[in-house]
Amino acid sequence: MIRVLKPKPKVKEASSEKEVLKFVPLGGLEEVGRNCAYFEYGNEIVMVDVGIQFPEEETPGIDYIIPNVSSLEKKRENIRGLILTHGHYDHIHSLPYIIEKIGNPIIYTSAFTRALVEKRFQEFRNLPKPRFQVVKNGDKLRIGEYFQAEFFDVGHTIPDSIGLILDTPVGKLVHFGDFRLETDINGKPEKEHLKIFEHIGKMGVHSIFLDSTNAQEEGHATSERIVEKNLEELFQKANGRIIVATFGSLVTRLAEIIKIAERLGRKIALNGRTMKDNIQIAVNMGYIKTKKDIFIQLEEVNSHKDDKVMILTTGGQGEPNAGLTRIANGEHRYITLKRSDMVIFSSSVVPGNERSVQTLQDNIARQVDQVYNSRFLDIHASGHGPAEDLKLVIKLSKPKFVVPVHGYYFFRAASAKHAQSVGIPKENAILVDNGQVCELTKDTFQVTDKTVDASYVMVDGLGVGDVGEIVLRDRRLLAKEGMVVVITTLDRHNRRLLKNPDIISRGFIYLKENQGLLDDVRKKIRAILGRVTGHRDIEPDYLKTLFRDQLGQLLFTKTQRRPMIIPVIIEV
């Protein structure tokens, strides 16, 4: 049954084919993360999600990458609302960095997501307080004159995940957020969870926006019941401590693990701030029900018998400063690995993290006898529907157009092929890239040649957007080739060299073992100065350019490497 908060007039229909609705993705369509898009009709805009993307190899030193909302800043007064589909970082975590740029619109989201956002904003006390409209399954809300949203529950790995049916002048648009079909112990989709998709299929849907993160995976989603069963069987075999590494945001999984630990009489220690915060919020809101004394502090771990302790930790992706990595490296204040420990990775590997995860698992395997991940046993179920889930949802919802979202082009192309396999014409399976402007009429979905700026905006420490491509290029050069600092002390009046040039190398060569190259560099410096000696009008900047160019060529000739050269000129 659909619950309506207030009776609302019907959404205005487009009066002609020339009136179009725009769909513009700002992130999430060429990467995993940074999910953000908006719908625009007339002078009204509705945004969906504002997530972060974690840094890549090509973005050294960066904390996060966030959506570029520059195309919305001048139209911030037109933004009627921001819908957050669920509480994972890749859907909500950019909000503090962009809230002022988009005019602090009303945020439509579920109760649990609201609590996570409010917790996040405690770290940004100078920002405007977010404004919320909490929604539940079945709610219908008017968002401006041209948009009405109907919300429904979807299966995912965090409580209160929602999808939305956006009623617009050109038709009904359905965005599922991140989702999977809930399956039974036999791997069959549960009928109760299919009802919403059958309901959508009766509406005459214009377009669906389909989570494609797992589109290249076969079959249906693994049942969480199978995961819980396998985890409990593993736990029962453990004779020492159990250390479970997973995402701090997989609250649904964490809730089941806590129940199992309680049945087995184990105390639980939480390692990682995200883990602690999310579980505390879930306990406070009643999503996790357990005895209060089941939790112990990390410093209490060694005061309990090993077979009565379980540690839940973040860091399963091999992040350098995360909880499990510090434990594996022997850097944790309270926890040191023991040979009798059982370590379980109950999470998937985020694309791009394969090497760091493998290195972490190798490190742990050298120190403990039992290490498990989902390759050996079903101890993780993804929150994203694989191929058969997507095909079934497309068949049940019966859209005119299918727009794969969330993931690299390869993932979305696979999703488009799934749509074609269940009867969607090839031209109606729409592949869009970040920043492309799409125009929708009642019967068409066109990817235009218009674009908005969807380039990376980097967050580095307290700086937002101040690290651009030039800075990243320098960082990549330093990481790849190193640097050479050349310090020359000159007579201010005649530009004569007053002392032997000092040369500092970092990441390029070991100076003590390359004395011949150092001598060549000093000779080149003297040769350059010999040509300009006596010219008092020679600018230091020009001299630095000569050093940079000619020393760079010398070093490349000698080493086939191009370090960054930083000339320093001291005039006395």
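Me: Is F445 buried or exposed, and what is its relative accessible area?
Reply: This is a predicted model, where local features need pLDDT of at least 70, side-chain atom pairs count only at pLDDT 80 or more, and totals for chains, interfaces and linings use all residues. Residues are numbered from 1 along each chain as its sequence is written, and side-chain values use heavy atoms, leaving out hydrogens and water. Buried means under 20% relative accessible area, exposed over 50%, and partly exposed in between (1.4 Å probe, protein chains only). F445 is therefore buried, and its relative accessible area is 8%.

Me: Good start! Which ring does F445 pair with at a plane angle of 50°?
Reply: Rings of Phe, Tyr and Trp (its six-membered ring) pair if their centres lie within 6.5 Å; planes under 30 degrees apart are stacked, over 60 edge-to-face, and the rest tilted. Here the centres are 6.5 Å apart and the planes stand at 50°, so the pair is tilted. The ring in question belongs to F209.

Me: How many residues apart are F209 and F445?
Reply: Helices (H or I, at least four residues) and strands (E, at least two) are DSSP runs numbered from the N terminus. F209 lies in strand β12 (residues 207–211) and F445 in strand β21 (residues 445–451). The pair thus links distant parts of the chain, and the separation is 236 residues.

Me: Which residues make up the cluster linked by ring pairs?
Reply: The whole structure holds 15 aromatic pairs. F209 and F445 form one of the tilted pairs. Ring pairs join these two with others into a cluster of F23, F39, F209, F401 and F445.

Me: Which residue has its charged end over the ring of F556?
Reply: A charge sits over a ring if NZ of Lys or CZ of Arg is within 6 Å of the ring centre and within 35 degrees of the ring normal. Here the charged end is 3.8 Å from the centre of the ring. The residue is R562.

Me: Which element gives the largest share of the lining of the largest cavity?
Reply: A cavity is a set of points on a 1 Å grid over the protein atoms alone, where a 1.4 Å probe fits but cannot get out, and lining residues have an atom within 4 Å of a point. Points join across faces, edges and corners, and a volume is the space filled by probe spheres set on them; for the largest cavity this is about 80 Å³. C36 is among its lining residues, as are F23 and H175. The largest share, three residues, comes from β1.

Methods. On a 1 Å grid over the protein atoms alone, a cavity is a set of points where a 1.4 Å probe fits but cannot get out, and a pocket is an open set with protein on both sides within 12 Å along at least five of seven lines; lining residues have an atom within 4 Å of a point.
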